[in-house]
Amino acid sequence: SSGINAEYGGEMRKRLKEVMNHQLKSTEEIKKKAATEKKETVKRECEMIARGKTEVREESYKRYQMREAQKNDLTKSWAAQNELKLARELDELKHRKKNGMLLLEQCDRYKRCRQCQKCCDNTGSTNIWKESRFIPGCRLIV
């Protein structure tokens, strides 16, 4: 009976060892799986963060380019408007210095305009005869 017990005890120990080894292997596999999953999630999160960073940089650069383009357009527009203003002022200054007379002085000096041949002395005269008058209450001009 002692030989059977020894064999039985040896088999039991062997089985217990196998079970323990199997349990150790399964826990190791579970730990490895959890570690690889964690690495993968960390890797994915890092990729997402890097992608987000690049998108933010690109958007910031686009906004910067738009602001620079607006600034350049405004600068060009202001420069063009300033040139036009200076040209107008120079033209006005030339016109003032021409003949040394102002427009009203020229109207006093000349009877008719050279371009349009109109009279320069606008006295408010009408083309209605002086003899005609408007009589209040009447619809006719006599």
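These legends describe close-up views of a predicted model. Local features require pLDDT of at least 70 and side-chain atom pairs pLDDT 80 or more, while totals for chains, interfaces and linings use all residues. Residues are numbered from 1 along each chain as its sequence is written, and side-chain values use heavy atoms, without hydrogens and water.

**View 1. The protein chain as a whole.** The protein chain contains two helices and zero strands (DSSP runs numbered from the N terminus: helices are H or I, at least four residues; strands are E, at least two). Of its 142 residues, 3% count as buried (buried is under 20% relative accessible area, exposed over 50%, partly exposed in between; 1.4 Å probe, protein chains only). The chain exposes about 14700 Å², with carbon and sulfur atoms supplying 56% of that area (Shrake-Rupley method, 1.4 Å probe; for residues, only the protein chains shown count as cover). A search of the whole structure gives two salt bridges (a side-chain nitrogen of Lys or Arg within 4 Å of a carboxyl oxygen of Asp or Glu).

**View 2. The salt bridge between E11 and R15.** The closest N and O atoms of this pair are 3.5 Å apart. E11 and R15 are separated by about one helical turn, because they sit four residues apart in helix α1 (residues 2-97). E11 is partly exposed, at 42% relative accessibility; R15 is also partly exposed, at 48%.

**View 3. The salt bridge between E68 and K71.** Here the N to O distance is 3.6 Å. Both residues belong to helix α1 and lie three residues apart, about one turn of the helix. E68 has 26% relative accessibility and counts as partly exposed. K71, at 46%, is likewise partly exposed.
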